[in-house]
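Biologist: I am new to this structure and would like to learn how to read it. Could we go through it together, one feature at a time?

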Amino acid sequence: MKRSEKILSWLAAGILFVGYAQSVWPADITPNQLEALERNPDPETFGASDEGLKAISRFQVKPGFNVSLVAAEPMLGNPVAFAIDNQGVFYTSETYRYRSSVLDIRNYMSWLEDDLALRTVDDRLAMLRKYLGGKADDLATETEVIRRIVDTNQDGIADSSEIFADGFNSILDGIASGILPHGKKVYFTNIPGLWMLRDGDGDGYPEYREELSHGYGVRFSLTGHDLHGLIIGPDGRLYFSCGDRGSNVISREGNVLAVPDEGAVFRCELDGSHLELFATGLRNPQELAFDEFGNLFTGDNDSDQGDRERLVYIMEGSDSGWRVGYQHNPLGNGGPWNTELLWKPHFEGQAAYLLPPIANIDNGPSGLVYNYGTGLPPEYDGAFLVCHFNGDTSRSGITAYRIEPKGAGFSMIENTGANGRPIYDQIVWNCLPTDVDFGPDGALYWTDWNQGWPKSNKGRIYRLSHDDALHQPIVAETHAILRAGFDNLTEERLVELLGHTNMKVRLGAQWELADRGHPSLRTLRKVAYGGANLHARIHAIWAVGQIARKTPYILSDFLALKNAAEPEILVQLARIIGDAGYEIGFHTLESMVFEGNPRVQSIAAVALGKLKQPEAISCLAELITRNSSSDPWLRHAAIMGLAGSASSQLITRYLEEGASPSLQLGFVVALRKQKSPELAAFMNRQNIDPLVLAEAARAINDVPIPEAMPDLARILKRAEWISEFAPLNKSAANESDLAFRSKVEPTLIRGINAAYRVGSPENAADLAKLAASSKVRSSLRVAALEALRDWSIAGVTSARRDRVVGIFRPILTSTDPVTEIKSRPTSPANEALVASAPEIFQSNNDAVILAAAQAAGRLKSKSLAPALVSLVENSGLNGSTGQPLWRHFIRLEDPSLSWLCVMPSKPQTVPSRKRLCASNHRSMRDRPSP
């Protein structure tokens, strides 16, 4: 097959056709029509049966463990999440709106552009009214439910089930995805709000409910990307997560927390005050868990585009890299999420703005819990238990993962089989768990969906016990302590419990001492300084930190802890200094950055940023230099310190052009966090490290930073120089590909996007010159031609979205930055393409030639007709394989191409060709084919 014929056969297969490649999900309904489903205002569950008991026989349970059924339908249905209070009462968060009243954009793809454009939950309501009119009210029929389930006679089988709360059925309501009892209060997450319900009299029904914050779920996105993950941290604050349905919330203090295009983790005080954005860049982190040293973790889900799920250590201020625009990306297949391997664990050359995952894990992480310390065998000490929900019992279950410190972060502890693949500890398999938690009795419980993805109106709670472990005396002791509570314990007894084996007990004692306030300080100081039990000392410091957030001056009595021999004591001291904003602790933190181990340094560096003292820049710069980009967690911490301490002007002045690449890289990310236009200077630096240049390009385009966009666009003038950092070398394809992904493509694909967005004649010329260069990889040359092809903006698929990140970002006028450009003249693009056409058409690259033909057709570049005729004549193109290319030629509306409509071809293609010619070029004059 001739090269030109191969080009056409590719086009016939739909490759490289007009428009962008997208992951288009089949629509189940027509636009402007709500799917016709029965929506029942009364939550329904199936009747009683023995299905739940029979299902146990199919479970694959690790030897030594036993499973029993605690509750099943009709006592509960469609359980998304659950929690167990210290009395052993189950609270389930159940969905009846799932897939019927909570819409999934994959079923309404004609709404995608509008969905991505949404910035607030009010915008979502307006869009529903726009498309559905009065039918939108149907979405206010079904309600989500909180259910209270009790085993009143303590025989291991629940015998009471009552609806604790419902009425979560507004048009905007999402899926009931998070539940957490704490004392007389129950916290509940359900888009668009974080709720607190109080049962003050203990009758099992809340007499008071309050929406603590509102504004979560600005768009539909994908089903289940909701508000979830409720947990109280060791600092006594409430933490929770939201998937990439996005958030735009105003705190009680008037702060706007806007992350409409990514998933995030939030925290606030237990009364809802002082709401903060803790971490960003997540896709769908359904559950959160703290370990015994105050570190936060989650399992984040993949996008079904070849990427993998991730176990993530969530450091404060971290960005995990995901944006909602990667799901249906204009570049196709996840865009940079896949091409730049943003989802992979750390590797040299990976994007520096994100904090990579600890490891890639099995599919569908949902529930997550840390082993509190009693109830499981010793080999599970420090383990995380993760639910893997895959919609099919044969591929779902609960797995134990173990991690260990690695620098300032963590790595997975993996056992490998004979084939070298990791072997993880599947405690129970062949079930369909949505959530997992420990009861006060030390057993592990999980909620089971039953089977499949749709709601079945069934649900179970199972108990997983290890008889040998549960018979240990410490388990019964723990159970008794938790059931009795902490309110009436003496200070002496609370201090004893700070060192208990069980983490829940330790936290309960700590929170009670913190609630008692200043009278506890003397005792807490004694434990923090002189206790023999490391856990007791840590919890005493955390209690002090809770008090210090209201009265920071009390920390003056604790600064001498910096001389402690145990690194974890220094870590927790740094935490509470930063959280209290205790400026007098500056030099204490500074000494930790200089002298501590990586973990101590990382927490101290983050804390320094909270004190906002510019003189911190010196020690943080040295930390970055010494780290030399080897530890991404330590680098992130130093960047957080920099971004919080120093102005962008000070950072830029401090950074001389001769600074090390690792220092430049860290400073670039700090400027990114500040959204600083100072980043433009990096586009113009000579001999800049390619990873630094790529990071600056990511910041300017992805944040974005409009003031620096023209400088990013001009980077195309150096396209050939940048391309030299990843020369084509077939003998070392893998290494070359990684260099391209890290050092070349991130810069140039964003430079192409910037040139398209800025849209000057100079930018068009730079795009065409890049397309003509044989020293630049074909994928980038094609991208440049596609930018020229779509120059007019009008009628272009995804024109209102960023071509790289994929999020809603229309092109605005330079004179009025709120006015959107709907269309613009094609003459700059046409002239640039014509000028570079000889080199482009002489290219020995099929994809580039085809992209040029597409651009010529869209731009109606009539002067290119002779060159195109020559291309066809010399290649002898005819037959059915030519049909896709005719469309581009005929768009030129040039009479010299009319022979294409009557050239010899296979008989079966003549009618379709004539129809195409008639519809696209009715005015052409026929002439004999050459």
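Biologist: How much space lies in the second largest pocket?

Modeller: First, a word on the model: it is predicted, so local features need pLDDT of at least 70 and side-chain atom pairs count only at pLDDT 80 or more, while totals for chains, interfaces and linings use all residues. Residues are numbered from 1 along each chain as its sequence is written, and side-chain values use heavy atoms, with hydrogens and water left out. As for the idea, on a 1 Å grid over the protein atoms alone, a pocket is an open set of points with protein on both sides within 12 Å along at least five of seven lines, whereas a cavity is a set where a 1.4 Å probe fits but cannot get out; lining residues have an atom within 4 Å of a point. Grid points are joined across faces, edges and corners, and a volume is the space filled by probe spheres set on the points. Here, the second largest pocket holds about 1,500 Å³ of space. It is lined by 44 residues, and Val-259, Leu-277, Thr-280, Lys-673 and Lys-675 are the closest to its centre.

Biologist: Which strand or helix gives the largest share of the lining of that second largest pocket?

Modeller: Helices (H or I, at least four residues) and strands (E, at least two) are DSSP runs, numbered from the N terminus. Strand S16 gives the largest share of this lining, with five residues. At least two residues each come from S14 (256-259), S16 (276-282), H14, H16 (632-645) and H18 (661-673). For classes, Ala, Val, Leu, Ile, Met, Phe, Trp, Tyr, Cys and Pro count as nonpolar, Asp, Glu, Lys and Arg as charged, and the others, Gly among them, as polar. The lining of the second largest pocket has 21 nonpolar, eight polar and 15 charged residues.

Biologist: And how many cavities of 30 Å³ or more are there?

Modeller: The count is six. The largest cavity has about 370 Å³ of space. Of the 26 residues that line it, Arg-267, Gly-294, Glu-316, Arg-575 and Asp-579 lie nearest its centre. Helix H12 supplies the largest share of that lining, five residues, and H11 (534-548), H12 and H14 (598-611) each supply at least two. The lining of the largest cavity divides into 14 nonpolar, five polar and seven charged residues.

Biologist: At what angle do H18 and H20 pack?

Modeller: Axes are lines fitted to C-alpha atoms, for helices over the stretch in contact, and angles run from 0 to 180 degrees between N-to-C directions. H18 and H20 (690-702) pack at about 5°, with their axes 9 Å apart. Angles under 35 degrees count as roughly parallel, over 145 as roughly antiparallel, 65 to 115 as roughly perpendicular and the rest as oblique. H18 is therefore roughly parallel to H20. Contact means heavy atoms within 4.5 Å, and the residues that meet include Leu-665 and Val-668 in H18 and Leu-691 and Ala-699 in H20. By class, this contact of H18 with H20 has eight nonpolar, one polar and four charged residues.

Biologist: How do H12 and H13 cross?

Modeller: The axes of H12 (567-580) and H13 (586-595) come within 10 Å and cross at roughly 140°, so the two helices are oblique to each other. A crossing is left-handed if the near helix is turned anticlockwise from the far one by less than a right angle, and right-handed if clockwise. The crossing of H12 and H13 is left-handed. Leu-570, Leu-573, Ala-574 and Ile-577 of H12 make the contact with Thr-588, Leu-589 and Met-592 of H13. Six of these contact residues are nonpolar, one is polar and none is charged.
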